[in-house]
Amino acid sequence: MVKFSKQFEGQLVPEWKEAFVDYCHLKKAVKKIQLLDDQNANNTNKHDTSFSKRIMSSFRNKKRQPRVIQVHRSASKTDMYETELLEQVADTDAAGEFFACLDLQLNKVNQFYRTKEKEFLERGESLLKQMEILIELKAAVKQHQRAKGPSSQDLKEEESISGTISCDEESIKYAAATEPGLENVTGEFDRDDMKSSESPKSGELGRSMRMKQGDGKLKSISNCVINCQGKNLRINIPVTNPARTFSAISYLLWDDLVNQSSKKGSPGRNRLHINKKKLHHAEKMIRGAFVDLYKGLGYLKTYRNLNMLAFVKILKKVDKVTNKQVLPIYLKVVESSFFNSSDKALKLADEVEEIFVKHFAEEDKRKAMKYLRPTQRTESHAVTFFIGLFAGGFVALFIGYVIMAHITGMYRSKSDTVYMETVYPVLSIFSLFFLHLFLFGCNIFAWRKTRINYSFIFELCPTKELKYRDVFLICTSSMAAVVGVLFVHLLLVEKGYSYTQVQAIPGLLFLAFIVVLICPFNVIYKSSRYRLLSVIRNIVLSPLYKVLMLDFFMADQLCSQVPTLRNIEYIACYYITGSYKTQDYNYCTSTTYYKDLAYAVSFLPYYWRALQCARRWFDEGHKSHLLNLGKYVSAMLAAGAKMAYEKEKTAGWLCLVVIMSSAATVYQLYWDFVKDWGLLQFNSKNPWLRDELVLRHKFIYYFSLGLNLVLRLAWLQTVFHYNFEKVDYRVTMLFLAALEVVRRGQWNFYRLENEHLNNAGHFRAVKTVPLPFHEVDDQD
């Protein structure tokens with residue numbers, strides 16, 4: 001049977017852990033009472049007598065039930081509780097310490113619940129207003145369609161919109177953490193349409209809705225404000241991708257044309273200009289906000305129930321240790337306290353559920369629950385079986401491949417040049433990629449064990465996210481296929497087949513994986529594959545996309561895969577140019593455009609990451625993003641110096657490599673330890689670490705600091721040219737590249753640990769979604 005403390009720890013909300021009842025501390029206080037009571041009994045040497053006295057005392061307590069304690073409640077708004085001992089309870093000092101701690105926990109729970117309930121109620125009230133406005137807009141559109149009729153000209157006009165781009169100071173403050181850039185689209189309605197539209201609360205739309213012009217970073221481009229009965233309405237859609245940015249500019253130009261034509265034509269005629277796509281996007285934003293609100297209210301309900309259960313459990317332990325009737329007295333206080341008696345959050349959850357079923361699920365509750373309460377995918381034992389099956393196959397095939405390579409002497413210093421130049425890069429690509437993916441699976445496993453909410457941090461869909469078993473299955477099956485194909489290829493070469501006959505096999509293998517990656521059919525984790533492709537698109541077009549946590553996390557992974565990217569570039573050139581038919585493997589390396597492209601590929605991951613830092617600074621205004629940008633610029637300079645030295649191995653270039661690489665390494669180490677991991681805090685209670693640690697054993701952190709330092713110095717191979725004896729230098733380069741991947745896998749865990757602790761420090765368990773409609777007072 002699982003102990004309640006383990007059950008309690010496993011069910012609480014990770015980001016709110018500090019706000020829950022400290023059950024372990026209360027248990028220790030109860031054990032202290034029991035220990036002191038036992039010591040007092042041993043000192044009197046009256047074990048039997050004391051035991052009989054306890055039985056009689058328990059019998060008398062059950063008979064007359066005297067009041068052992070009295071809980072006083074302050075008259076302030078915060079409802080602070082304080083317990084007074086009316087008679088001796090075991091050891092008086094220990095009992096007084098326990099009840100003081102118990103009062104502290106009750107007051108903490110009440111205060112946190114009050115704060116969160118107020119926050120969710122305010123968010124709920126704002127969402128209800130947004131919903132009323134959305135209903136009013138949709139009713140106005142339908143009324144306009146009925147009045148105008150389904151003529152093609154009017155349908156075409158419905159797709160147009162008059163708009164302007166602006167961003168006010170309030171919007172920036174409201175959405176600074178999520179969607180700082182806003183595209184404001186102005187919808188203009190007929191006076192007759194607004195009067196005739198029928199909705200439950202038509203007066204809500206009559207409020208003033210004009211946005212203030214802000215002095216923030218995103219300046220207002222147009223001062224155009226369109227009035228309807230003296231009121232204004234703007235739909236604020238976040239500018240998160242290039243399409244919305246360019247469409248916003250086109251809407252601005254269209255608005256100018258509409259205004260000019262209205263001045264020349266009939267200015268008195270008001271017409272409906274609204275874009276269904278924008279209205280649909282606003283509806284989607286409100287739906288997402290309702291889902292997040294419902295999730296937060298569910299967390300609050302869990303918080304309420306678990307804390308109530310914890311108080312019951314600990315009071316039962318106190319009754320058992322002291323043989324006093326404490327539970328009935330204190331439990332009445334807990335039941336009447338704010339966190340257990342207030343039902344506003346529960347009512348709001350029911351109201352949100354009803355609204356969602358009615359307006360977003362077409363009165364289908366089952367469909368609504370798929371959004372509001374998404375079910376986790378059940379983990380099948382078949383996945384574990386196939387992991388073991390493919391892992392065993394991979395190990396057997398890899399051993400066979402190594403034996404065959406040893407017999408043929410492929411990886412010796414004097415190896416088959418054609419094989420090492422053309423086939424070995426394919427093996428290197430898959431080895432580094434799936435090693436990285438395997439370590440990411442290990443990260444997921446470690447994050448789950450340590451209760452780090454990586455799904456919330458990465459904003460992953462709970463029904464579609466990859467579990468660590470899924471990642472391991474992908475790695476083992478893929479590497480078994482890769483090693484199996486290359487083993488067959490090597491066997492054919494050994495049997496005397498010419499490279500002209502078999503050289504297409506590695507290329508077809510590489511092409512097969514690309515086809516699987518972009519396969520449009522719903523097979524082989526389609527949602528995860530397409531999410532990966534969308535993230536890569538966001539990275540490549542970094543300045544034009546809003547940078548999310550998953551985007552710059554994946555860009556950092558690419559910074560550790562530069563050798564893989566260079567090998568992909570070479571293999572693509574080798575097979576696209578048809579060099580595999582003539583075995584002219586020097587063609588790609590000798591051409592000028594390839595050398596220039598090799599420089600670009602070495603810089604690209606750091607360049608993309610630097611652009612992401614610039615975009616985040618532009619959006620958020622934090623100077624730390626500029627300092628982070630400097631780290632990637634230093635890495636680009638070091639990479640450029642290294643490539644120049646490989647081309648011209650002179651003493652001058654070597655000195656420049658040492659200087660630039662040393663400066664970049666110091667910069668990177670500081671950022672790793674202090675910024676990304678949050679360590680090296682000198683005033684911390686944990687020396688050289690930080691106050692809050694997820695892992696129990698401190699030596700793991702110290703070991704990780706030292707390992708990261710050593711692995712960051714892999715660039716010294718450029719200076720010392722160390723190599724394994726009797727092994728091709730390419731194997732050494734693969735080993736060093738694998739060490740960088742291992743370093744990145746270690747970095748991933750501590751990076752998300754620090755992010756999780758930041759969320760927990762601010763009690764962020766649900767994200768804040770920017771809302772499409774903003775209400776402010778008119779300013780003429």
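Asp672, Arg712, Glu740 and Arg743 are linked in a network of salt bridges, a salt bridge being a side-chain nitrogen of Lys or Arg within 4 Å of a carboxyl oxygen of Asp or Glu. By this rule the count comes to 22 salt bridges. The model is predicted: local features need pLDDT of at least 70, side-chain atom pairs count only at pLDDT 80 or more, and totals for chains, interfaces and linings use all residues. Residues are numbered from 1 along each chain as its sequence is written, and side-chain values use heavy atoms, with hydrogens and water left out.

**Salt bridges**

- Side chains of opposite charge can pair when their charged atoms come close.
- Glu9 and Lys17 meet through their side chains in a salt bridge of 2.9 Å, N to O.
- Glu9 is partly exposed, with a relative accessible area of 31%, and Lys17 is partly exposed at 42%; buried means under 20% relative accessible area, exposed over 50%, and partly exposed in between, with a 1.4 Å probe and protein chains only.
- Lys32 and Glu97 form a salt bridge of 3.0 Å, N to O.
- This pair links distant parts of the chain, with Lys32 in helix α2 (residues 23-44) and Glu97 in helix α4 (residues 92-148), 65 residues apart.
- Helices (H or I, at least four residues) and strands (E, at least two) are DSSP runs, numbered from the N terminus.
- Lys32 is partly exposed at 37% relative accessibility, and Glu97 is partly exposed at 44%.
- Arg616 and Glu620 form a salt bridge in which the closest N and O atoms are 3.8 Å apart.
- Both of these residues lie in helix α26 (residues 592-620), 4 residues apart, about one turn of the helix.
- An α-helix has 3.6 residues a turn, so residues three or four places apart point the same way.
- Arg616 is buried, with a relative accessible area of 18%, whereas Glu620 is partly exposed at 25%.

**Aromatic rings**

- Rings of Phe, Tyr and Trp (its six-membered ring) pair if their centres lie within 6.5 Å; planes under 30 degrees apart count as stacked, over 60 as edge-to-face and the rest as tilted.
- The count by this rule is 41 aromatic pairs.
- Phe440 and Trp447 have ring centres 6.0 Å apart and planes at 80 degrees, so the pair is edge-to-face.
- Phe440 is partly exposed, with a relative accessible area of 23%, while Trp447 is buried, at 0%.
- Tyr570 and Tyr574 have ring centres 6.1 Å apart and planes at 15 degrees, so the pair is stacked.
- These two tyrosines are 4 residues apart in helix α23 (residues 562-576), a separation of about one helical turn, and both Tyr570 and Tyr574 are buried.
- One aromatic cluster is formed by Phe4, Phe8, Trp16, Phe20, Tyr23, Phe112, Tyr299, Tyr303 and Phe763.

**Charges over rings**

- A charge sits over a ring if NZ of Lys or CZ of Arg is within 6 Å of the ring centre and within 35 degrees of the ring normal.
- Arg114 lies over the face of Phe338, at 4.0 Å from the ring centre.
- Lys526 has its charged end over the ring of Tyr530, 5.6 Å from the centre.

- Helix α18 (residues 468-494) has 27 residues and should span 39 Å at 1.5 Å a residue; its end C-alpha atoms are 38 Å apart, which agrees.
- The expected span of a helix is 1.5 Å times one less than its number of residues.
- Gly496 follows α18 and has a positive phi, near 110 degrees.
- Glu459 is in the loop between α17 (454-458) and α18, and its phi is near 55 degrees, a positive value in a residue other than glycine.
- Glu459 is partly exposed, with a relative accessible area of 39%.
- Phe445 is in helix α16 (residues 424-449) and is partly exposed at 35%.

- Leu508, Leu511, Ile514, Val515 and Ile518 form a nonpolar patch on the surface, with about 440 Å² of accessible area together.
- Patches are made of residues with over 30% relative accessible area and no salt bridge, like charges being joined within 9 Å and nonpolar side chains (Val, Leu, Ile, Met, Phe, Trp, Tyr) within 5 Å.
- Accessible areas come from the Shrake-Rupley method with a 1.4 Å probe; for residues, only the protein chains shown count as cover.
- Ile518 is in helix α20 (residues 504-518) and is partly exposed at 46% relative accessibility.
- Ile524 is in the loop between α20 and α21 (526-540) and has a positive phi of about 55 degrees although it is not a glycine.
- Ile524 counts as exposed, at 51% relative accessibility.
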